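Me: I would like to go through this structure by asking what stands behind each label. Please set every value against its cut-off before drawing a conclusion.

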Amino acid sequence: GQIPTAVAGAGEGLWLTFGAVGFARGGDGKQPDLIFEMRVLDEAGKPTRTKPVAVQVNKDVPADAALVPGQFLLSLNRAGKFTVELTATDKAGGKKATLTFPLNVQDAK
C-alpha cells in the first residue's frame with residue numbers, strides 16, 4: 001500500500017485503501033457493525049467473481065475512533081476495462097454507501 005502506480009498492468013496487484021465514517025455503534029461493547037465489500041465488473045457489467053470479496057468489522061474498534069479503515073488487494077489478472085464497486089454497510093445504523101470507479105488494466109507487453 002506504500003508504492004503508487006501510474007498505470008495498472010495485468011499481472012500486478014493494487015491495494016485499495018478506504019475508510020468508513022459516520023457509522024453507528026451498538027451492543028454492550030459499543031462497537032460498530034460494518035461490512036466492507038468489493039466487486040469488480042467487466043466491460044459488459046458482469047461480476048468477475050460469483051461473490052464479492054467481503055470483510056466484517058465488529059470488534060476491537062477503539063471507542064474514540066471516528067474512522068474505521070479498510071483495505072482490499074485487487075489482483076489484476078487480465079487486461080481490460082473494469083468497474084470497481086466498494087460498498088460499506090452499517091448494520092448497526094441501517095445505512096449503506098457505495099462508491100464505483102473505472103479501472104483500465106493495460107496489457108503487460
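**Labels and their grounds**

Reply: P52 lies in the loop between β2 and β3, where strands (E, at least two residues) are DSSP runs numbered from the N terminus, as are helices (H or I, at least four residues). This is a predicted model, in which local features need pLDDT of at least 70 and side-chain atom pairs count only at pLDDT 80 or more, whereas totals for chains, interfaces and linings use all residues. Residues are numbered from 1 along each chain as its sequence is written, and side-chain values use heavy atoms, with hydrogens and water left out.

Me: What makes P52 partly exposed?

Reply: The relative accessible area of P52 is 34%; buried means under 20%, exposed over 50%, and partly exposed lies in between (1.4 Å probe, protein chains only), so P52 is partly exposed.

Me: Which residues does P52 contact, leaving aside its neighbours within four places in sequence?

Reply: P52 is in contact with E37, M38 and R39 when those neighbours are left aside, contact being defined as heavy atoms within 4.5 Å.

Me: Why does T87 count as buried, and in which strand is the place of T87?

Reply: The place of T87 is in strand β5, residues 80-90, and its relative accessibility is 8%, which is why T87 counts as buried. Not counting residues up to four places away in sequence, T87 touches I35, F36, E37, K96, A97 and T98.

Me: What makes the pair of T87 and T98 side chains a polar contact?

Reply: The side chains of T87 and T98 make their polar contact at 3.3 Å. A polar contact is a pair of N or O atoms within 3.5 Å; within protein, one must be able to donate a hydrogen and the other to accept it, and residues adjacent in sequence count only if both atoms are side-chain atoms.

Me: How many aromatic pairs does the structure hold, and why is the pair of F18 and F36 called what it is?

Reply: There are two aromatic pairs in the structure. In one of them, the ring centres of F18 and F36 are 5.1 Å apart and the planes stand at 80 degrees, so the pair is edge-to-face; rings of Phe, Tyr and Trp (its six-membered ring) pair if their centres lie within 6.5 Å, with planes under 30 degrees apart counting as stacked, over 60 as edge-to-face and the rest as tilted. Because F18 lies in strand β1 (residues 13-21) and F36 in strand β2 (residues 34-41), the pair ties together parts that are 18 residues apart in sequence. F18, F36 and F72 form one aromatic cluster.

Me: How do you know whether F18 and F36 are buried or exposed?

Reply: F18 has a relative accessible area of 18% and is therefore buried, while F36, at 1% relative accessibility, also counts as buried.

Me: Where does V61 lie, and what is its burial label?

Reply: V61 lies in the loop between β3 (53-57) and β4 (67-75), and with a relative accessible area of 9% V61 is buried. Not counting residues up to four places away in sequence, V61 touches R25, Q31, P32 and V68. The C-alpha atoms of V61 and P32, 29 residues apart along the chain, are 7.5 Å from each other.

Me: What pattern does the protein follow along the sequence?

Reply: The pattern is β-β-β-β-β-β, with six strands and zero helices.
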